[in-house]
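Please look at the sequence and the fold together while reading what follows.

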Amino acid sequence: PAYVSGCENEALDYGDPLETLGILRMFYDWDDEREFFVAAVDPSLPTFWGGIARSGEDATWVRMRTDSWTSAPWFHRGAATFAHEVGHLSGLSHVPCADGDGDGTPDEESGGATDPFHPNNDTFPDCALAELDPEGWYGFDVYWSLWPLDGPTVISNDPAAAAPNQAFPFMGYNNPDWTDPFHYCVLLDYYGVPCDTGALGFGVIGDAANDGGDGGDGGDGGDPEVPPANDEGFHFFAGTITPDRTTIDLGLIAPTTEHLVERYQRQFEGSDGHGHGEFLLRALGDDGVVVAEVPFSDQGSQHGASDVLGFGILLPYASDLSAVEVLDHDGNLLAMATAADSSIDSVAEDLQKIVVLCTIDPIMVDWELPIVLPPGWTTTLLYSHDGGEHWMTVLPKVEGTSAAVDGHPLPGSDGGVFKVVASNGFEVIEGTSNPVPIAGNAPIPHISAPLPGDVIATGQGFRFEGNATDREDRQLDDDAFAWSSSLDGDLGSGRLLDVDGMTPGVHDVKLTVTDSDGMTGTASSVLFVDPDAVTPTPSAELLSAVESAFARQVPDEDERSEEPAAGGPGGDPADPDDGPHEDPDDETTAVPWVVGGGLLVLLGGGLVVARRRG
Ligand SMILES: [Zn+2]
């Protein structure tokens, strides 16, 4: 675990793990991965909160509790908290659902703003996943087959229903929780699948951030200055605000990356999910002139302790930045950090360089500082496997001038280099090591289907599903994934692989993943093809219905390119994901979800049909 607060849970300490994760995130400059760093904390550790997210650092930690409920076996507390905290980082605010103390005010308000666009904002305390429907909502527990259930549970959305059948939006404080249609639509939209919350009968969220975030006054009236990002980097200041005390705990300077430019812009767009304007971070130049102002509210989501606020603010690099101040709504000065307090006058050239030496077996990085660093300076150890094109944080907040490095998590390289960066937020000094060979890593595969215990009937198709991480290649081709079975030999390749006609019996399934250096990693699982259960082939009538449904919904490749976004009664032909559920005549939606295996066959058959057409 990155951090545990212990039983004392000092208010001013709670930001430490987030700042540490924030440093990891800040210097991680690949653009091919999404932006959040999550620390999974062992559930045995006595943290006070289940999890805390802080948008200013794009980081969260989550206590990975494994509780599940017999009455709601699809609910997993650690996973739900994980989703909740990452939801905060993505810009989602709380949904008002819980009123444990019966005071008529949503308990969620103690953890920050509530989402004015979520439908439950108007219906509190009758919090539900969707419109009241006696049929409830199907399909939330898509993995029901992993538990000894006859079919998917119908999740009631009736506030008067008995607890076992109820579920709540995952951004609220009621449990068990699950993704509600509103947030599901937001997710689809995020991943590029058009979804209009308005069409679902909910409020429109399109410009939610812009409409909702502009409540603050800039401390001195008028719009605050928004200086553009530049190529010279960012100043970053993080700290904590309590009723008694405000601190600026961390100051850094980081290079300009796409990720930081985006995060910088979010500060002003209000799309970090937290209202603006309670506080102001003001940056002053050499002569005391204000060079930038960033209004902010609490950027944290700690639950049940609303008097402890956290912030992490970026400012475009300015060589004459001399001080930052935190002011409250009335313009009172709460905290201040000045360059002069901890300056080492790095303008002198011989003071800008850190001499770094790396030796291997084991990997040791030693460095010589040009001067003893005053309090307020933070040292970070970075690593690059590609000659300095990309960097990642190896150790944040390093003490001393030497570090033993575990090479295992590092991408391998013939000439890996380490960099030591020291900063107080106003000045920065750094140095890069000699290149050293770092051993490469094999891919680490993971099989998500089949999972041990999965059973299919003889004649039933199965979709194998796997993925892998590889530290050097990062993104692996589909060809890198090879599947085999102890009974049927080679099955084929791909992250997703549909296989029909498997031999009855117990299949030891193996996934072998090969990276561009020829290193391989394997994962295994088991699939039982039950010889006593035979799935009847779907009737010709049903197959024909499925085929005609797909014929309407999935155009040929040719049609897609020739017919740009024509639109029409069946949906947008340019968009194969414009789902079949919009079509009232669609036979597939009328298939009752009684026998899970039967549905799987139907969908599989439909996919095959659609592919053959292409
Ligand atoms: Zn929350």
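In helix 2, the residues Arg 77, Gly 78, Ala 80, Thr 81, His 84, Glu 85, Val 86, Gly 87, His 88 and Leu 89 are buried, where buried means under 20% relative accessible area, exposed means over 50%, and partly exposed lies in between, with a 1.4 Å probe and protein chains only. The model is a predicted one, in which local features need pLDDT of at least 70 and side-chain atom pairs count only at pLDDT 80 or more, while totals for chains, interfaces and linings use all residues. Residues are numbered from 1 along each chain as its sequence is written, and side-chain values use heavy atoms, with hydrogens and water left out.

Helix 2 is thus mostly covered, with ten of its 13 residues buried; helices (H or I, at least four residues) and strands (E, at least two) are DSSP runs, numbered from the N terminus. The cover over its buried residues includes strand 1 (37–41), strand 2 (51–54), strand 3 (59–63), strand 4 (68–69), strand 5 (72–76) and strand 7 (177–178), contact being taken as heavy atoms within 4.5 Å. Helix 2 spans residues 77–89 and reaches 18 Å from its first C-alpha to its last, close to the 18 Å expected at 1.5 Å a residue, the expected span being 1.5 Å times one less than the number of residues. After helix 2 comes Gly 91, which has a positive phi, near 105°.

Side chains of opposite charge can pair when their charged atoms come close. A salt bridge is counted where a side-chain nitrogen of Lys or Arg is within 4 Å of a carboxyl oxygen of Asp or Glu, and by this rule the count comes to eight. Because Asp 67 lies in the loop between strand 3 and strand 4 and Arg 77 in helix 2, the pair ties together parts that are ten residues apart in sequence. Asp 67 counts as partly exposed at 24% relative accessibility, whereas Arg 77 counts as buried at 19%. Arg 65, Asp 67 and Arg 77 are linked in a network of salt bridges.

Another salt bridge joins Glu 19 and Lys 397, with the closest N and O atoms 3.8 Å apart. This pair links distant parts of the chain, 378 residues apart, with Glu 19 in helix 1 (residues 16–26) and Lys 397 in the loop between strand 18 (392–395) and strand 19 (402–405). Glu 19 is buried, with a relative accessible area of 2%, while Lys 397 is partly exposed at 29%.
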